[in-house]
Amino acid sequence: MDGAALGARFSLATNRLGYCGPADAEPALYGAAVGDGPSAPAGEALLKFEALGPYLRAIGAKHGLDPMNRRVVEAYWIGNGLLDAFDRSDFAGILEALVHRGLPRSIARRLLDHLPQHPLPHHAFHVAFVGVGAVTGHVPTTLPNMESCRPAWAKVEGVAGGTLALVKPSLEVEGGRLRLGDLRTLAVPYDPRLLPTVRPGSPVVLHWGLPVLELVPDQLRAVQEYSQRSWEAANEVLADLDVFDARPS
């Protein structure tokens, strides 16, 4: 699976919902995700996603890699060592690029004034710090939407027809800080073409309710580690920013 195919999996749900990306991108994304189509059209579409493109370009530029390089895409959605060298000045550049994609300048200035010491160009950090829908304005940054938008890992407890029974923790806010809550069981529909070998015990990752990838052990550890690091960084400043509305909806 190359970078475009990996990125397409994570971007399918939001494009289908009309939250981000070109309106006609789904056929190219799905074809790349399931191996039925070429990667190039999917990669071109992914770089047009309003918030996604600036992160992939920044990670790639930092390391002299193409933004569709597999390691670059994996860094943003799952996490790997490509993120570790980023500092506050690097993230300031990402914020500026996001302004050109739709992030209001007033929000970017406020975020820049409250940058934590170790910002990460990881999707979990974008969700927690910049905010769900902050770039496009298509969805509000509520706690339920943050839970849906983060790359959320879960363990498969059962497979029946087109449904997975999953056990996963959910984001909570305690004392103005993000944390993971207790494990909960839920049932979600899945696409067997995306997860052809899924079985009880498999770790998977979801984005906006769609299970997009079976995780190998190193990927599971990475998405847990970099998500936790993202929340710790965001928690340094969330109380001052009031970026999201934590009231249940």
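**Inside a predicted fold: questions and answers**

Me: Leaving aside its neighbours within four places in sequence, which residues is glutamate 147 in contact with?
Reply: Contact here means heavy atoms within 4.5 Å. This is a predicted model, where local features need pLDDT of at least 70, side-chain atom pairs need 80 or more, and totals for chains, interfaces and linings use all residues. Residues are numbered from 1 along each chain as its sequence is written, and side-chain values use heavy atoms, with hydrogens and water left out. With neighbours within four places in sequence set aside, the partners of glutamate 147 are Ala152, Lys168, Pro169, Ser170 and Leu171.

Me: Is glutamate 147 buried or exposed?
Reply: Glutamate 147 belongs to helix H9, residues 143–149 (helices are DSSP runs of H or I with at least four residues, strands are runs of E with at least two, and both are numbered from the N terminus). Buried means under 20% relative accessible area, exposed over 50%, and partly exposed in between, using a 1.4 Å probe and protein chains only. Glutamate 147 has a relative accessible area of 14%, so we call this residue buried.

Me: Which backbone atom does the side chain of glutamate 147 reach?
Reply: We're after a polar contact, a pair of N or O atoms within 3.5 Å; within protein, one must be able to donate a hydrogen and the other to accept it, and residues adjacent in sequence count only if both atoms are side-chain atoms. Leu171 is one of the residues in contact with glutamate 147. At 2.8 Å, the side chain of glutamate 147 reaches leucine 171's backbone nitrogen.

Me: How confident is the predictor about the chain, on average?
Reply: Look at pLDDT, the predictor's confidence in each residue, from 0 to 100. In this chain 97% of the residues score at least 70, and the average pLDDT is 94.

Me: How much space lies in the largest cavity?
Reply: A cavity is a set of points on a 1 Å grid over the protein atoms alone where a 1.4 Å probe fits but cannot get out, and lining residues have an atom within 4 Å of a point. Points are joined across faces, edges and corners, and the volume is the space filled by probe spheres set on them. Searching the whole structure turns up 1 cavity of 30 Å³ or more. The space in the largest cavity is about 280 Å³.

Me: Which element gives the most to the lining of the largest cavity?
Reply: Of the 23 lining residues, Cys20, Ala51, His123, His126 and Cys149 are the closest to the centre. Two or more residues come from each of helix H1 (3–16), helix H5 (70–77) and helix H8 (123–131). The element that gives the most, with 4 residues, is H8.

Me: Why is H5 called largely enclosed by the rest of the structure?
Reply: The buried residues of H5 are Val72, Val73, Glu74, Ala75, Tyr76 and Trp77. They pack against H1, helix H4 (52–63), H8, S4 and helix H10 (217–235). H5 is largely enclosed because its buried residues number 6 of the 8.

Me: Which backbone nitrogen does asparagine 69 reach at the start of H5?
Reply: Asparagine 69 sits in the loop between H4 and H5, and counts as partly exposed at 26% relative accessibility. To within 2.8 Å, a side-chain oxygen of asparagine 69 reaches the backbone nitrogen of arginine 71.

Me: What is the phi of tryptophan 208?
Reply: Most residues other than glycine have a negative phi. Tryptophan 208, in the loop between strand S4 (203–207) and strand S5 (210–214), has a positive value. Its phi is near 50 degrees.

Me: What is the relative accessibility of threonine 14?
Reply: Threonine 14 is found in helix H1. Leaving aside neighbours within four places in sequence, this threonine is in contact with Tyr19, Cys20, Phe49, His207 and Trp208. Threonine 14 counts as buried because its relative accessibility is 4%.

Me: Which backbone oxygen does the side chain of serine 202 reach?
Reply: Serine 202 lies in the loop between strand S3 (177–189) and S4, and is buried at 3% relative accessibility. At 2.9 Å, its side chain reaches the backbone oxygen of arginine 199.

Key:
1 Å grid on protein atoms, 1.4 Å probe; cavity = no way out; pocket = protein on both sides within 12 Å on 5 of 7 lines; lining within 4 Å.
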